[in-house]
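Subject: Structure handover

Hello,

Here is the structure I promised to pass on. Please open it alongside this note.

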Amino acid sequence: MTRQQAIFLVAVNALVSAVISLIVVFAAYSFFPPTPPAPGPIALAGTLLPPTATIRRQPIYYIVKPGDTLSTIAAQFNISTIALMQANGITNPNVLAVGQQLVVPPPDLTAAAPLLTAASTAAATPVPILRITAIIRSSSPQSPVGEMVIVQNIGVRVNVKGWTLADLHGNIYVFPDFVLDTDAGVRVHSEAGLDTATDLFWGRTAPVWDANDTATLKDRNATVIDSYTIRK
């Protein structure tokens, strides 16, 4: 075999091998087509993506307009009415003046709750907000019949059964089965008497509250709700 014949045979073999390889690849793609990639988001030219929602973290100021109420203002800014009252020192939610400037606190991020499913009926229990607004001692001209502690409810309706009112000397009054409505108050008298819807009686024969004494109000779980110190 001459050299030219050998080169010709090598070239023919290479060509035959290439053709066979192409046939094998074509057959493989015919029987096992490649899986197309999963479709992804398509960005259209000139289309703006929606902005990411931001959460307000600083208080703002709001001027009361005609027709406004505390509840509608609170709902507008996604906060509770109680939070709005606390931020502005408001004890009566019905007293609101047009032109009044209110401090609107940011939403409480720790209070955010997950969405309830149809099978979930649990709801957060509102926290009672009671305040000791005054202690009138027996020597005061405002209380000719004895001393008293005045407690005001600025939160949700609550039964104060089992709650306590104590001084610094270990004297403790335990509240009976008594419901205090929102914006309602009760006077806790030191002396004996007949309980009513507005007055409760401790039943003591001697005064309780001394100068510079402190009254502490606790719920039935011994959680301090409020305290009040007498100032001369």
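Below is what turned up, from the whole chain down to single residues.

Overall picture. Please keep in mind that this is a predicted model. The protein chain holds three helices and 12 strands. It has 232 residues, and 25% of them count as buried. Its accessible surface comes to about 16100 Å². Carbon and sulfur atoms own 63% of that surface. Among contacts with a separation of 6 or more, 51% are between residues 24 or more positions apart.

β3 (130–136) and β4 (148–153) pair in the antiparallel sense, over six bridges. Within that pairing, Ile136 has Met148 in β4 as its bridge partner. β4 also runs antiparallel to β9, joined by five bridges. There, Val149 stands opposite Val188 in β9.

Nonpolar cores. In soluble globular proteins, nonpolar side chains tend to be buried together. Here the largest nonpolar core has 23 residues. Leu130, Leu165, Phe175, Trp209 and Leu217 have the most contacts inside it. β3, β4, β9, β10 and β11 each supply at least two residues of this core. β3 gives the most, with three residues.

Aromatic residues. A search of the whole structure finds four aromatic pairs. Tyr173 and Phe175 form one that is edge-to-face. Their centres are 5.1 Å apart, with 70 degrees between the planes. Tyr173 counts as buried because its relative accessibility is 5%, under the 20% limit. Phe175 is buried too, with a relative accessible area of 5%. Tyr173 also pairs with Trp202. That pair is tilted: 5.6 Å centre to centre, 55 degrees between the planes. It links distant parts of the chain, with Tyr173 in strand β7 (residues 172–174) and Trp202 in strand β10, 29 residues apart. Trp202 is buried, at 15% relative accessible area.

Tyr173, Phe175, Trp202 and Trp209 make up one aromatic cluster. What does Trp209 contact, leaving aside its neighbours within four places in sequence? The list includes Ile135, Val149, Leu165, Trp202 and Ile230. Arg137, Glu147 and Asp167 are also among the contacts of Trp209.

Is Asn153 buried or exposed? It is buried, because its relative accessible area is 0% and the limit is under 20%. Asn153 lies in strand β4. A polar atom of its side chain lies 2.9 Å from the backbone nitrogen of Gly155. Not counting residues up to four places away in sequence, Asn153 touches Ile129, Leu130, Val158, Leu180, Asp181, Thr182, Asp183 and Ala184.

Asp213 is the other. Where does Asp213 lie? It lies in the loop between β10 (199–204) and β11 (214–218). Asp213 counts as buried because its relative accessibility is 1%, again under 20%. Beyond its neighbours within four places in sequence, Asp213 is in contact with Asp167, Leu168, His169, Val208, Tyr228, Thr229 and Ile230. Asp213 and Ile135 are 78 residues apart in sequence, but 9.6 Å apart in space, C-alpha to C-alpha.

Best wishes

Terms used. Residues numbered from 1 in each chain as written. Predicted model: local features only at pLDDT ≥ 70, side-chain atom pairs only at ≥ 80, totals over all residues. Heavy atoms only, no water. Helix = DSSP H or I, 4+ residues; strand = E, 2+ residues; numbered from the N terminus. Buried < 20%, exposed > 50% of the residue type's maximum accessible area, 1.4 Å probe, protein only. Contact = heavy atoms within 4.5 Å. Core = buried A, V, L, I, M, F, W, Y, C linked by side-chain atoms within 4.5 Å. Polar contact = N/O pair within 3.5 Å; in protein donor to acceptor, adjacent residues only side chain to side chain. Pairing = 2+ DSSP bridges. Areas by Shrake-Rupley, 256 points an atom, 1.4 Å probe, with all protein chains shown as cover. Phe/Tyr/Trp six-rings, centres within 6.5 Å; stacked < 30°, edge-to-face > 60°.
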